[in-house]
Structures are given as C-alpha cells and as structure tokens.
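This report looks at a pair of packed helices and at charged side chains that pair up. Please have the sequence and the model open while reading.

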Amino acid sequence: MAPQAAATTTPVVAAGASLVANIPTAASVTHHPAMPGIGHLSCEEIIYEEVDNKFAEPDRHMISDARVIQNLIRLERLTIPPLNYFVSVQQNIKPNMRKIVTTWMLEVCEEQKCEEQTFPLAVNFFDRFLCALPIQRHHLQLLGCCTLLLASKIRQCQPLTVDVLSAYTDHAVSPDQIR
C-alpha cells in the first residue's frame, strides 16, 4: 500500500455561521480508486445564528398541482372529528367554551413561538377527545393543556413543559394534573 500524504485543509467561515468548516484544498485531496470523490465530502455541522433557518421553501410544483389539493381534501375526512360532539357527547360544554379554550391555546402557541403545526394538531387532539369522552367544564382547560403538551412533543424540537403550561393557566391547572 502506498503511503498517503498528510491532508491539508483551509478553514472557511460561512456568513452567519458560528462554526468553522475545514474544506480540503485541491492539493490535499487524494483519490482512492474504490471511493471516487471522497475528499470532497464534509461532515462538519454548520450552526446558524438565525432562528428561522429550519423551514424549507415552498415547492412550486406541489402548490400548482391540483392533485395535491384533491388528495388533501380526501385525507381531511380521516382527520376531522366524525360528529358534532356538542349535541351527542358533551352535555355541559358549549361551542363558545371551545372557542375560549382554543383561543387561549393559540395565544400560548404564539407567545411560546411554537412551530406552525403545533396549534392545529393540538386542536385536532382536543376535538377528537371531546368526540370520544364526555368531560366536565372545569376540565376543559386541563384538556387544552394536555393536547398542547402532546402536540408540542410531536412537532417541536423543544416541547412545552408542564410548568410553563401551568403558569399560563395562572396555576388553575397544576403540573401534576397535566402529567
């Protein structure tokens, strides 16, 4: 086996980056016959200081294709609660109570800068639970806390905590109740 020369790298700092990436220079790249172009691969992590760098750009082909909307409408039937639970399941809860709790949930999501999908998922869980089991009025905000917690654990890198949710209820719902 032939001896390989020591690899030299050039430090490169990307704009807005807080980590330096070492890029191999042309003179330092050695080509292995079994692995073409292996010298150009990089496993360096680049961490940006901007918060909004996690979102992908909209796919123009997906937006302009009518089949996407048709599929979403067809799939929507699987995610919408199957019945009007105010009439059949929930005797003590009225639509304006749901509106108050879901508005509160939206405010929590906005103040905590939750991902865009967290609030709709939490409301979906909220409605599905209300379709399945009757609950008392005083448990409605507890249900909102639990569905926000669950949705944030599914959709966010850093989910909401039970202490934060309890604080948003002015401690009307304790962390132990949410757990």
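Is D65 buried, partly exposed or exposed? The model is a predicted one, and in it D65 has a relative accessibility of 22%, so D65 counts as partly exposed.

D65 forms a salt bridge with R67, and their closest N and O atoms are 2.6 Å apart. R67 counts as exposed because its relative accessibility is 56%, and the cut-off for exposed is over 50%.

A salt bridge also joins the side chains of R179 and D176, with 3.0 Å from N to O. R179 is exposed at 63% relative accessibility, and D176 is exposed at 59%. The count of salt bridges comes to three.

## Helices α4 and α5

Helix α4 covers residues 95–111 and helix α5 covers residues 118–132; their axes come within 10 Å and cross at roughly 150°. Angles over 145 degrees count as roughly antiparallel, so α4 is roughly antiparallel to α5. The crossing of α4 with α5 is right-handed.

On the α4 side, the contact is made by R98, V101, T102, M105, L106 and C109. On the α5 side, T118, F119, A122, V123, F126 and D127 take part. Of the residues in this contact, eight are nonpolar, two polar and two charged.

R98 and D127 form a salt bridge, with their closest N and O atoms 2.8 Å apart. Because R98 lies in α4 and D127 in α5, the pair ties together parts that are 29 residues apart in sequence. R98 counts as partly exposed at 22% relative accessibility, whereas D127 counts as buried at 10%.

Technical notes. Residues numbered from 1 in each chain as written. Predicted model: local features only at pLDDT ≥ 70, side-chain atom pairs only at ≥ 80, totals over all residues. Heavy atoms only, no water. Axes fitted to C-alpha atoms, helices over the stretch in contact; angles between N-to-C directions. Helix = DSSP H or I, 4+ residues; strand = E, 2+ residues; numbered from the N terminus. Parallel < 35°, antiparallel > 145°, perpendicular 65-115°, else oblique. Left-handed = near helix turned anticlockwise from the far one by under 90°. Contact = heavy atoms within 4.5 Å. Nonpolar A, V, L, I, M, F, W, Y, C, P; charged D, E, K, R; others polar. Salt bridge = Lys/Arg side-chain N within 4 Å of Asp/Glu carboxyl O. Buried < 20%, exposed > 50% of the residue type's maximum accessible area, 1.4 Å probe, protein only.
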